[in-house]
Amino acid sequence: MDTYLLVMMMIGLASLGMAWMPQISKKIKVSYSILYVAFGAVLYIFGDNMPLPDPIRKQEYTVHLTELVVIISLMGSGLKIDRPFTLKNWSVPFRLVSITMLLSISSMAFLCWYFLGFDLPSAVLLGAVLAPTDPVLASDVQVGPPHEKKRDDVRFGLTGEAGLNDGMAFPFTWLAITWAQISTTGEGSFTEWFLVDVLYKMIVGTIAGFLLGRLLAFILFKKSKDFKVLVMHNGFVALAATLFIYGFTELIHAYGFIAVFVGAVTIRNYEIKHEFHTQLHSFTDQIERILVAIVLILFGGSLVSGILEELSLPMILLAVAFVFVVRPLAGYVALAGAGFHSFQRWTISFFGIKGIGSFFYLSFALGKTDFSQSKEVWSLVALTVLISLLIHGSTATHSMDHIEKRFSREAPDDAPDG
(Lines give C-alpha, C1' and ligand atoms only; values in the text may rest on other atoms or scores of the structure.)
Protein backbone atom coordinates (compact mmCIF):
# COMPACT_ATOMS: atom_id res chain seq x y z
CA MET A 1 0.00 0.00 0.00
CA ASP A 2 1.25 3.50 -0.88
CA THR A 3 2.42 5.06 2.42
CA TYR A 4 1.84 8.61 1.17
CA LEU A 5 -1.78 7.92 0.25
CA LEU A 6 -2.35 6.06 3.52
CA VAL A 7 -1.01 9.00 5.53
CA MET A 8 -3.14 11.41 3.51
CA MET A 9 -6.23 9.33 4.20
CA MET A 10 -5.45 9.12 7.93
CA ILE A 11 -4.91 12.88 8.19
CA GLY A 12 -8.23 13.44 6.45
CA LEU A 13 -10.00 11.01 8.75
CA ALA A 14 -8.41 12.49 11.86
CA SER A 15 -9.27 16.04 10.77
CA LEU A 16 -12.84 15.03 10.01
CA GLY A 17 -13.14 13.51 13.46
CA MET A 18 -12.01 16.76 15.03
CA ALA A 19 -15.13 18.45 13.67
CA TRP A 20 -17.19 16.48 16.20
CA MET A 21 -14.67 15.83 18.95
CA PRO A 22 -15.41 18.88 21.15
CA GLN A 23 -19.09 17.91 21.30
CA ILE A 24 -18.31 14.23 21.82
CA SER A 25 -15.82 15.06 24.59
CA LYS A 26 -18.35 17.28 26.32
CA LYS A 27 -20.96 14.51 26.19
CA ILE A 28 -18.78 11.66 27.42
CA LYS A 29 -16.76 14.01 29.69
CA VAL A 30 -13.44 12.62 28.48
CA SER A 31 -10.85 14.66 26.60
CA TYR A 32 -10.54 13.91 22.90
CA SER A 33 -6.76 13.72 23.36
CA ILE A 34 -7.21 10.33 25.05
CA LEU A 35 -9.29 9.05 22.15
CA TYR A 36 -6.76 10.17 19.54
CA VAL A 37 -3.78 8.69 21.39
CA ALA A 38 -5.66 5.40 21.67
CA PHE A 39 -6.53 5.56 17.97
CA GLY A 40 -2.86 6.15 17.12
CA ALA A 41 -1.76 3.20 19.24
CA VAL A 42 -4.26 0.86 17.56
CA LEU A 43 -3.38 2.21 14.13
CA TYR A 44 0.32 1.49 14.62
CA ILE A 45 -0.28 -1.93 16.13
CA PHE A 46 -2.15 -3.12 13.04
CA GLY A 47 -0.81 -0.73 10.37
CA ASP A 48 2.47 -1.93 8.89
CA ASN A 49 2.75 0.83 6.30
CA MET A 50 2.54 3.83 8.62
CA PRO A 51 5.65 6.08 8.89
CA LEU A 52 7.86 5.36 11.89
CA PRO A 53 6.73 7.55 14.86
CA ASP A 54 10.20 7.85 16.37
CA PRO A 55 10.86 11.34 17.79
CA ILE A 56 14.54 10.50 18.33
CA ARG A 57 15.33 9.35 14.80
CA LYS A 58 12.89 11.88 13.28
CA GLN A 59 14.09 14.70 15.51
CA GLU A 60 13.94 17.52 12.96
CA TYR A 61 10.36 16.64 11.99
CA THR A 62 9.40 16.47 15.66
CA VAL A 63 10.80 19.94 16.34
CA HIS A 64 9.04 21.65 13.45
CA LEU A 65 5.68 19.91 13.80
CA THR A 66 5.40 20.50 17.54
CA GLU A 67 6.73 24.05 17.11
CA LEU A 68 3.95 24.86 14.64
CA VAL A 69 1.26 23.40 16.88
CA VAL A 70 2.47 25.32 19.92
CA ILE A 71 2.71 28.75 18.28
CA ILE A 72 -0.77 28.44 16.79
CA SER A 73 -2.07 27.36 20.18
CA LEU A 74 -0.35 30.33 21.84
CA MET A 75 -2.03 32.72 19.42
CA GLY A 76 -5.40 31.09 20.07
CA SER A 77 -4.90 31.22 23.84
CA GLY A 78 -4.07 34.91 23.77
CA LEU A 79 -6.97 35.81 21.49
CA LYS A 80 -9.61 34.17 23.67
CA ILE A 81 -8.71 35.87 26.95
CA ASP A 82 -11.29 38.59 27.54
CA ARG A 83 -9.66 39.94 30.68
CA PRO A 84 -7.82 43.22 29.98
CA PHE A 85 -4.08 43.03 30.66
CA THR A 86 -2.89 44.72 33.84
CA LEU A 87 -0.40 43.47 36.41
CA LYS A 88 -3.23 43.18 38.95
CA ASN A 89 -5.59 41.32 36.60
CA TRP A 90 -2.86 38.90 35.59
CA SER A 91 -1.29 38.36 39.01
CA VAL A 92 -2.32 34.68 39.16
CA PRO A 93 -0.70 33.65 35.83
CA PHE A 94 2.43 35.57 36.85
CA ARG A 95 2.57 33.64 40.14
CA LEU A 96 2.25 30.36 38.25
CA VAL A 97 4.93 31.14 35.65
CA SER A 98 7.40 32.32 38.25
CA ILE A 99 7.04 30.55 41.59
CA THR A 100 5.37 27.37 40.33
CA MET A 101 7.71 26.98 37.38
CA LEU A 102 10.86 27.51 39.42
CA LEU A 103 9.71 25.09 42.11
CA SER A 104 8.73 22.47 39.51
CA ILE A 105 12.02 22.71 37.60
CA SER A 106 14.25 22.67 40.67
CA SER A 107 12.29 19.87 42.39
CA MET A 108 12.24 17.63 39.32
CA ALA A 109 15.90 18.27 38.55
CA PHE A 110 16.88 17.38 42.12
CA LEU A 111 14.75 14.22 42.16
CA CYS A 112 16.17 13.03 38.84
CA TRP A 113 19.73 13.69 39.95
CA TYR A 114 19.33 12.22 43.46
CA PHE A 115 17.06 9.22 42.87
CA LEU A 116 17.67 8.35 39.21
CA GLY A 117 21.36 9.21 39.02
CA PHE A 118 20.95 11.52 36.02
CA ASP A 119 23.78 13.94 35.37
CA LEU A 120 22.88 17.56 36.14
CA PRO A 121 22.37 18.78 32.54
CA SER A 122 19.94 15.93 31.82
CA ALA A 123 18.16 16.49 35.14
CA VAL A 124 17.74 20.22 34.49
CA LEU A 125 16.54 19.51 30.97
CA LEU A 126 13.88 17.13 32.26
CA GLY A 127 12.69 19.70 34.79
CA ALA A 128 12.59 22.43 32.15
CA VAL A 129 10.61 20.48 29.55
CA LEU A 130 8.05 19.17 32.05
CA ALA A 131 7.45 22.40 33.95
CA PRO A 132 5.23 24.28 31.45
CA THR A 133 1.47 23.82 31.40
CA ASP A 134 0.69 22.87 27.81
CA PRO A 135 -1.39 25.41 25.84
CA VAL A 136 -2.32 22.77 23.26
CA LEU A 137 -3.88 20.00 25.35
CA ALA A 138 -5.20 22.21 28.15
CA SER A 139 -8.24 23.45 26.23
CA ASP A 140 -10.60 21.54 28.55
CA VAL A 141 -9.55 23.72 31.49
CA GLN A 142 -9.13 27.02 29.65
CA VAL A 143 -11.50 29.92 29.04
CA GLY A 144 -13.93 29.67 26.15
CA PRO A 145 -13.97 31.77 22.96
CA PRO A 146 -13.92 35.59 23.07
CA HIS A 147 -16.95 37.45 24.47
CA GLU A 148 -18.00 34.50 26.59
CA LYS A 149 -19.45 36.90 29.18
CA LYS A 150 -18.46 34.65 32.03
CA ARG A 151 -15.85 35.22 34.71
CA ASP A 152 -13.99 32.09 35.73
CA ASP A 153 -10.82 32.77 37.68
CA VAL A 154 -9.66 29.15 37.59
CA ARG A 155 -9.89 28.85 33.81
CA PHE A 156 -8.31 32.26 33.35
CA GLY A 157 -5.39 31.40 35.61
CA LEU A 158 -4.67 28.17 33.71
CA THR A 159 -5.08 29.87 30.30
CA GLY A 160 -2.74 32.71 31.20
CA GLU A 161 -0.21 30.30 32.67
CA ALA A 162 -0.24 28.05 29.59
CA GLY A 163 0.31 31.05 27.34
CA LEU A 164 3.10 32.62 29.36
CA ASN A 165 5.11 29.66 30.59
CA ASP A 166 5.82 28.05 27.24
CA GLY A 167 8.09 31.00 26.62
CA MET A 168 9.39 31.03 30.18
CA ALA A 169 10.64 27.45 29.85
CA PHE A 170 13.07 28.42 27.12
CA PRO A 171 15.77 30.00 29.38
CA PHE A 172 15.92 26.83 31.48
CA THR A 173 16.06 24.63 28.40
CA TRP A 174 19.00 26.72 27.21
CA LEU A 175 20.54 26.40 30.69
CA ALA A 176 20.53 22.62 30.28
CA ILE A 177 21.96 22.94 26.75
CA THR A 178 24.72 25.29 27.94
CA TRP A 179 25.53 23.04 30.90
CA ALA A 180 25.77 19.99 28.65
CA GLN A 181 28.04 21.84 26.19
CA ILE A 182 30.33 23.02 28.98
CA SER A 183 30.49 19.49 30.40
CA THR A 184 31.31 17.80 27.09
CA THR A 185 33.17 20.34 24.94
CA GLY A 186 34.04 23.20 27.26
CA GLU A 187 32.18 25.62 24.98
CA GLY A 188 29.71 28.21 26.23
CA SER A 189 29.42 30.00 29.55
CA PHE A 190 26.78 30.62 32.18
CA THR A 191 27.40 34.36 31.93
CA GLU A 192 26.55 34.31 28.24
CA TRP A 193 23.49 32.18 29.02
CA PHE A 194 22.22 34.74 31.52
CA LEU A 195 22.90 37.79 29.36
CA VAL A 196 21.64 36.33 26.08
CA ASP A 197 19.25 33.47 26.78
CA VAL A 198 17.61 35.05 29.82
CA LEU A 199 17.80 38.83 29.54
CA TYR A 200 18.11 39.61 25.83
CA LYS A 201 15.80 36.95 24.39
CA MET A 202 13.06 37.44 26.97
CA ILE A 203 13.06 41.24 26.93
CA VAL A 204 13.34 41.55 23.16
CA GLY A 205 10.76 38.82 22.63
CA THR A 206 8.29 40.66 24.85
CA ILE A 207 8.92 44.01 23.16
CA ALA A 208 8.70 42.51 19.68
CA GLY A 209 5.43 40.77 20.50
CA PHE A 210 3.91 43.97 21.89
CA LEU A 211 5.04 46.23 19.04
CA LEU A 212 4.08 43.81 16.27
CA GLY A 213 0.78 43.01 17.94
CA ARG A 214 0.06 46.70 18.30
CA LEU A 215 0.93 47.35 14.65
CA LEU A 216 -1.26 44.52 13.39
CA ALA A 217 -4.14 45.56 15.65
CA PHE A 218 -3.84 49.15 14.43
CA ILE A 219 -4.13 47.98 10.82
CA LEU A 220 -6.94 45.51 11.52
CA PHE A 221 -9.13 47.66 13.74
CA LYS A 222 -8.15 51.27 13.11
CA LYS A 223 -6.92 51.74 9.56
CA SER A 224 -9.50 49.35 8.14
CA LYS A 225 -12.10 51.96 9.07
CA ASP A 226 -10.30 54.63 7.07
CA PHE A 227 -9.36 52.55 4.02
CA LYS A 228 -11.86 49.99 2.76
CA VAL A 229 -9.12 48.06 0.96
CA LEU A 230 -7.71 47.12 4.39
CA VAL A 231 -10.98 45.75 5.74
CA MET A 232 -10.47 42.16 6.93
CA HIS A 233 -13.27 39.61 6.96
CA ASN A 234 -11.25 36.41 7.23
CA GLY A 235 -9.98 34.70 10.36
CA PHE A 236 -6.90 33.41 8.54
CA VAL A 237 -5.32 36.76 9.45
CA ALA A 238 -4.66 35.20 12.87
CA LEU A 239 -2.51 32.48 11.28
CA ALA A 240 -0.67 35.08 9.22
CA ALA A 241 -0.04 37.14 12.36
CA THR A 242 1.23 34.05 14.19
CA LEU A 243 3.76 33.15 11.53
CA PHE A 244 4.87 36.75 10.99
CA ILE A 245 5.41 37.54 14.67
CA TYR A 246 7.15 34.24 15.34
CA GLY A 247 9.38 34.37 12.27
CA PHE A 248 10.42 37.99 12.80
CA THR A 249 11.21 37.47 16.48
CA GLU A 250 13.24 34.34 15.88
CA LEU A 251 15.18 36.13 13.13
CA ILE A 252 16.36 38.71 15.67
CA HIS A 253 17.31 35.79 17.98
CA ALA A 254 14.64 36.38 20.61
CA TYR A 255 11.95 34.05 21.96
CA GLY A 256 9.19 33.69 19.39
CA PHE A 257 6.92 31.82 21.81
CA ILE A 258 6.84 34.82 24.13
CA ALA A 259 6.35 37.21 21.23
CA VAL A 260 3.40 35.27 19.78
CA PHE A 261 1.50 35.15 23.05
CA VAL A 262 2.26 38.78 23.92
CA GLY A 263 1.25 39.75 20.39
CA ALA A 264 -2.00 37.83 20.69
CA VAL A 265 -2.88 39.45 24.01
CA THR A 266 -1.99 42.87 22.57
CA ILE A 267 -4.28 42.32 19.59
CA ARG A 268 -7.04 41.06 21.90
CA ASN A 269 -6.79 44.14 24.11
CA TYR A 270 -7.10 46.50 21.13
CA GLU A 271 -10.82 47.27 20.79
CA ILE A 272 -11.52 44.38 23.13
CA LYS A 273 -15.28 44.29 22.40
CA HIS A 274 -14.87 44.03 18.61
CA GLU A 275 -16.60 40.95 17.17
CA PHE A 276 -13.72 40.21 14.77
CA HIS A 277 -11.79 38.73 17.72
CA THR A 278 -14.21 35.78 17.67
CA GLN A 279 -13.47 35.10 14.02
CA LEU A 280 -9.72 35.34 14.57
CA HIS A 281 -9.83 32.85 17.42
CA SER A 282 -12.15 30.49 15.56
CA PHE A 283 -9.68 30.08 12.70
CA THR A 284 -6.69 29.37 14.95
CA ASP A 285 -8.79 26.86 16.86
CA GLN A 286 -9.67 24.96 13.68
CA ILE A 287 -6.07 24.82 12.43
CA GLU A 288 -4.82 23.84 15.87
CA ARG A 289 -7.23 20.93 16.15
CA ILE A 290 -6.12 19.48 12.81
CA LEU A 291 -2.45 19.62 13.78
CA VAL A 292 -3.13 18.30 17.28
CA ALA A 293 -4.91 15.28 15.80
CA ILE A 294 -1.80 14.42 13.79
CA VAL A 295 0.57 14.80 16.74
CA LEU A 296 -1.63 12.77 19.08
CA ILE A 297 -1.88 9.90 16.58
CA LEU A 298 1.91 9.91 16.22
CA PHE A 299 2.29 9.99 19.99
CA GLY A 300 -0.02 7.00 20.31
CA GLY A 301 2.05 5.22 17.70
CA SER A 302 5.29 5.99 19.51
CA LEU A 303 3.92 4.48 22.72
CA VAL A 304 3.63 1.08 21.02
CA SER A 305 6.83 1.49 19.00
CA GLY A 306 9.41 1.65 21.77
CA ILE A 307 9.46 5.19 23.19
CA LEU A 308 8.88 3.81 26.71
CA GLU A 309 11.44 1.01 26.55
CA GLU A 310 14.03 2.82 28.70
CA LEU A 311 11.68 3.09 31.68
CA SER A 312 12.56 1.65 35.06
CA LEU A 313 10.43 1.37 38.19
CA PRO A 314 12.01 4.45 39.82
CA MET A 315 11.34 6.46 36.66
CA ILE A 316 7.69 5.37 36.65
CA LEU A 317 7.32 6.34 40.30
CA LEU A 318 8.93 9.72 39.63
CA ALA A 319 6.57 10.44 36.72
CA VAL A 320 3.59 9.66 38.94
CA ALA A 321 5.03 11.82 41.72
CA PHE A 322 5.49 14.76 39.37
CA VAL A 323 1.87 14.72 38.21
CA PHE A 324 0.30 14.05 41.62
CA VAL A 325 2.71 15.70 44.05
CA VAL A 326 5.37 18.04 42.62
CA ARG A 327 3.23 20.20 40.33
CA PRO A 328 0.19 20.38 42.68
CA LEU A 329 2.32 21.39 45.66
CA ALA A 330 4.30 23.94 43.62
CA GLY A 331 1.07 25.48 42.36
CA TYR A 332 -0.55 25.50 45.78
CA VAL A 333 2.43 27.30 47.30
CA ALA A 334 2.44 29.90 44.52
CA LEU A 335 -1.24 30.74 45.04
CA ALA A 336 -0.94 31.42 48.76
CA GLY A 337 -2.68 34.71 49.52
CA ALA A 338 -4.21 34.97 46.04
CA GLY A 339 -7.75 35.03 47.43
CA PHE A 340 -8.88 31.64 46.16
CA HIS A 341 -11.07 29.14 47.92
CA SER A 342 -8.99 26.05 48.77
CA PHE A 343 -10.85 23.96 46.17
CA GLN A 344 -10.10 26.51 43.44
CA ARG A 345 -6.50 26.68 44.57
CA TRP A 346 -6.06 22.90 44.44
CA THR A 347 -7.82 22.72 41.06
CA ILE A 348 -5.45 25.24 39.46
CA SER A 349 -2.49 23.51 41.07
CA PHE A 350 -3.51 20.04 39.94
CA PHE A 351 -4.32 20.83 36.31
CA GLY A 352 -0.81 21.64 35.15
CA ILE A 353 -1.39 19.58 32.02
CA LYS A 354 1.68 18.32 30.17
CA GLY A 355 1.76 17.74 26.45
CA ILE A 356 3.08 18.81 23.08
CA GLY A 357 5.12 21.72 24.40
CA SER A 358 7.26 19.26 26.35
CA PHE A 359 7.94 17.29 23.16
CA PHE A 360 9.05 20.46 21.40
CA TYR A 361 11.46 21.57 24.10
CA LEU A 362 13.00 18.13 24.43
CA SER A 363 13.51 17.58 20.70
CA PHE A 364 14.81 21.16 20.36
CA ALA A 365 17.40 20.67 23.12
CA LEU A 366 18.57 17.30 21.82
CA GLY A 367 19.06 18.86 18.41
CA LYS A 368 21.44 21.45 19.87
CA THR A 369 23.81 19.20 21.80
CA ASP A 370 24.26 15.69 23.17
CA PHE A 371 22.84 14.62 26.52
CA SER A 372 24.12 11.44 28.11
CA GLN A 373 20.65 10.23 29.11
CA SER A 374 18.62 11.40 26.12
CA LYS A 375 16.73 8.11 25.64
CA GLU A 376 15.85 7.89 29.32
CA VAL A 377 14.63 11.50 29.28
CA TRP A 378 12.42 10.79 26.25
CA SER A 379 10.89 7.76 27.95
CA LEU A 380 10.24 9.67 31.16
CA VAL A 381 8.74 12.67 29.37
CA ALA A 382 6.51 10.44 27.22
CA LEU A 383 5.26 8.57 30.29
CA THR A 384 4.59 11.80 32.20
CA VAL A 385 2.62 13.24 29.28
CA LEU A 386 0.67 9.97 28.99
CA ILE A 387 -0.20 10.01 32.70
CA SER A 388 -1.22 13.66 32.44
CA LEU A 389 -3.44 12.97 29.43
CA LEU A 390 -5.16 10.04 31.11
CA ILE A 391 -5.65 11.63 34.52
CA HIS A 392 -6.33 15.23 33.54
CA GLY A 393 -8.22 14.26 30.42
CA SER A 394 -10.67 12.10 32.37
CA THR A 395 -11.20 14.52 35.28
CA ALA A 396 -11.04 18.01 33.73
CA THR A 397 -14.65 18.28 32.57
CA HIS A 398 -16.10 17.10 35.87
CA SER A 399 -13.83 19.41 37.86
CA MET A 400 -14.54 22.44 35.69
CA ASP A 401 -18.29 21.79 35.81
CA HIS A 402 -18.14 21.73 39.59
CA ILE A 403 -16.07 24.92 39.67
CA GLU A 404 -18.48 26.71 37.35
CA LYS A 405 -21.56 25.73 39.35
CA ARG A 406 -19.98 26.84 42.58
CA PHE A 407 -17.90 29.90 41.72
CA SER A 408 -18.60 31.30 38.22
CA ARG A 409 -20.41 34.58 37.71
CA GLU A 410 -21.33 36.90 34.88
CA ALA A 411 -18.68 39.38 33.75
CA PRO A 412 -19.70 43.07 33.96
CA ASP A 413 -20.47 44.62 30.60
CA ASP A 414 -18.10 47.54 31.04
CA ALA A 415 -15.13 45.38 32.01
CA PRO A 416 -15.05 42.10 30.10
CA ASP A 417 -13.35 39.27 31.86
CA GLY A 418 -12.03 35.87 30.79
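Arg-289 and Asp-285 are joined by a salt bridge in which the closest N and O atoms are 3.1 Å apart; the term denotes a side-chain nitrogen of Lys or Arg within 4 Å of a carboxyl oxygen of Asp or Glu. The structure is a predicted model, in which local features need pLDDT of at least 70 and side-chain atom pairs count only at pLDDT 80 or more, while totals for chains, interfaces and linings use all residues. Residues are numbered from 1 along each chain as its sequence is written, and side-chain values use heavy atoms, with hydrogens and water left out.

Helices here are DSSP runs of H or I with at least four residues, numbered from the N terminus. An α-helix has 3.6 residues a turn, so residues three or four places apart point the same way. Arg-289 counts as buried because its relative accessibility is 17%, whereas Asp-285, at 26%, counts as partly exposed. Buried means under 20% relative accessible area, exposed over 50%, and partly exposed in between, with a 1.4 Å probe and protein chains only.

A second pair within a helix is found in H8. Asp-197 forms a salt bridge with Lys-201, with 2.9 Å between the closest N and O atoms. These two residues are 4 residues apart in helix H8, and about one helical turn therefore separates them. Asp-197 is buried at 8% relative accessibility, and Lys-201 is buried at 12%.

Helix H8 (residues 190-226) also contains Phe-194, which is partly exposed at 40% relative accessibility. Phe-194 contributes to a nonpolar surface patch of about 790 Å², together with Leu-195, Val-196, Leu-199, Tyr-200, Ile-203, Ile-207, Phe-210 and Leu-211. Such a patch is made of residues with over 30% relative accessible area and no salt bridge, nonpolar side chains (Val, Leu, Ile, Met, Phe, Trp, Tyr) being joined within 5 Å and like charges within 9 Å. The accessible areas come from the Shrake-Rupley method with a 1.4 Å probe, and for residues only the protein chains shown count as cover.

Other charged pairs join separate parts of the chain. The side chains of Asp-153 and Arg-83 meet in a salt bridge of 3.0 Å, N to O. Asp-153 lies in helix H7 (residues 153-184) and Arg-83 in the loop between helix H4 (59-79) and helix H5 (91-115), so this pair ties together parts that are 70 residues apart in sequence. Asp-153 is buried at 17% relative accessibility, and Arg-83 is buried at 4%. Asp-152, Arg-155 and Glu-404 are linked in a network of salt bridges. The whole structure holds 8 salt bridges.

Helix H12 (residues 313-334) has 22 residues and reaches 30 Å from its first C-alpha to its last, close to the 32 Å expected at 1.5 Å a residue; the expected span is 1.5 Å times one less than the number of residues. H12 has a kink of about 50° centred on Phe-322, the bend being the angle between axes fitted to the seven residues ending at a residue and the seven starting there. The buried residues of H12 include Met-315, Leu-318, Phe-322, Arg-327 and Pro-328. The buried residues of this helix pack against H5, helix H6 (120-130), H7, helix H13 (342-350) and helix H15 (374-407), where contact means heavy atoms within 4.5 Å.
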